Amino acid sequence: MKSDALIPRSENGDFQRPGAQFRDVISPDPDGRFPAESGRYHLYVSYACPWAHRTLIVRKLKGLENIVGVTVVHPHMSLVESWRFYNSEDGAAEEGCVPDPLHPGVKRLKELYLKADPEYSGRFSVPVLWDKTNGTIVSNESSEIIRMLNSAFNYLLPPEKQKIDLYPPRLQLQIDSVNLQIYENINNGVYKCGLAKGQQAYDRAIEDLFTQLDAVESHLQVKHDEGPFYFGRLLTETDIRLFVTVIRFDIVYYNLFKTNRKMIRLDYPNIHRWMQNLYWNISEFRLTTNVGHIKQHYFSLTILNPWAIVPDGPLPEVVPIS
Ligand SMILES: N[C@@H](CCC(=O)N[C@@H](CS)C(=O)NCC(=O)O)C(=O)O
């Protein structure tokens with residue numbers, strides 16, 4: 001099968017991201033199928049992937065490093081064979097990748113999906129939240145994994161980490177509604193631009209993307225007096241979900257996905273300031289951002305970049321706060 005045929009699209013050529021298929025939930029209930037326990041769950045992520053990046057940020061913000069393990073896959077992904085684990089022939093560019101520590105001999109993420117469900121026929125995507133006790137996947141949907149990490153393990157955490165609530169009850173309605181627009185037009189919007197098949201599909205996607213970015217820019221300008229976050233004073237999951245796309249924007253999407261009507265650093269001062277604050281002042285954002293993996297992964301998608309040449313810029317990759 002030609003690799004282009006593996007990109008899911010509508011009849012009009014619009015990219016359509018398939019829904020995740022493992023949708024179980026870790027709960028604080030000790031009698032549940034997936035009770036919150038220390039050392040039982042493991043995240044498989046790529047540093048390149050914005051959806052996986054959400055889970056890395058929340059894991060760190062909540063101080064779950066010793067409770068939920070992580071393995072980073074190699075940044076080069078095969079559309080047919082899926083992500084692969086580090087092997088001894090890999091070099092320095094693959095910083096942070098290791099062989100699968102839980103399943104010696106497993107080479108590809110695909111194998112874990114098939115262990116969890118031999119009949120599985122969906123995409124082999126990251127992130128994967130793995131349950132060591134049942135030997136299965138709890139969830140491969142990042143929006144739901146971050147909600148679990150936000151609250152399910154609280155009873156194991158010190159008070160200052162328990163208190164961090166990225167989905168606070170009084171903002172939930174607003175968060176849900178903003179998340180939806182940001183997902184549709186920005187998070188997935190950049191993919192709709194990059195993976196559009198045909199001019200009209202691209203034109204639709206780019207219009208929606210920049211209309212939404214313009215709206216976020218105005219929103220952040222108004223909110224700035226209240227605080228540095230999307231909702232002002234409080235850091236929420238909306239900041240995380242927006243950050244993972246914005247940090248990749250000038251570096252890969254602008255060029256590879258043709259989202260080049262405007263650049264964050266030059267044309268969106270409020271979004272840029274908001275992003276710089278998260279990146280430079282909140283270490284959990286900076287320490288989970290790996291620009292090397294991001295560039296290695298996206299520019300290796302030969303369906304969009306036949307020679308897999310990784311461009312030099314933009315420099316600096318993330319502009320320091322002046
Ligand atoms: N709904 C998923 C989407 C995850 C996703 O699409 N991940 C991409 C990487 S950025 C992936 O692993 N794709 C592999 C593939 O489609 O084969 C989530 O948010 O967790």
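Tutor: The largest pocket holds about 950 Å³ of space. The model is predicted, so treat that volume as computed. The lining counts 44 residues. Closest to the centre of the pocket are Phe15, Arg17, Pro18, Trp51 and Ser125.

Now the elements. Those that give two or more residues to this lining are helix 1 (50-61), strand 3 (77-78), strand 4 (82-83), helix 3 (142-151), helix 5 (172-187) and helix 12 (291-298). Helix 5 gives the most, with four residues.

By class, the lining of the pocket divides into 25 nonpolar, 11 polar and eight charged residues.

As for location, domain 1 (3-163) and domain 2 (169-282) both give residues to the lining, so the pocket lies between them.

The structure holds one cavity of 30 Å³ or more. About 70 Å³ of space lies in the largest cavity. Its lining is made up of Val246, Ile247, Asp250, Ile251, Ile264, Arg265, His272, Met275, Glu317, Val318 and Val319. Helix 8 (237-256), helix 9 (264-267) and helix 10 (269-281) are the elements that give two or more residues here. Helix 8 supplies the largest share of the cavity lining, four residues. By class, the cavity lining has seven nonpolar, one polar and three charged residues.

Conventions. Residues are numbered from 1 along each chain as its sequence is written. This is a predicted model: local features need pLDDT of at least 70, side-chain atom pairs count only at pLDDT 80 or more; totals for chains, interfaces and linings use all residues. Side-chain values use heavy atoms; hydrogens and water are left out. On a 1 Å grid over the protein atoms alone, a cavity is a set of points where a 1.4 Å probe fits but cannot get out, and a pocket is an open set with protein on both sides within 12 Å along at least five of seven lines; lining residues have an atom within 4 Å of a point. Grid points are joined across faces, edges and corners, and a volume is the space filled by probe spheres set on the points. Ala, Val, Leu, Ile, Met, Phe, Trp, Tyr, Cys and Pro count as nonpolar, Asp, Glu, Lys and Arg as charged, and the others, Gly among them, as polar. Domain bounds come from an automatic or database domain assignment.
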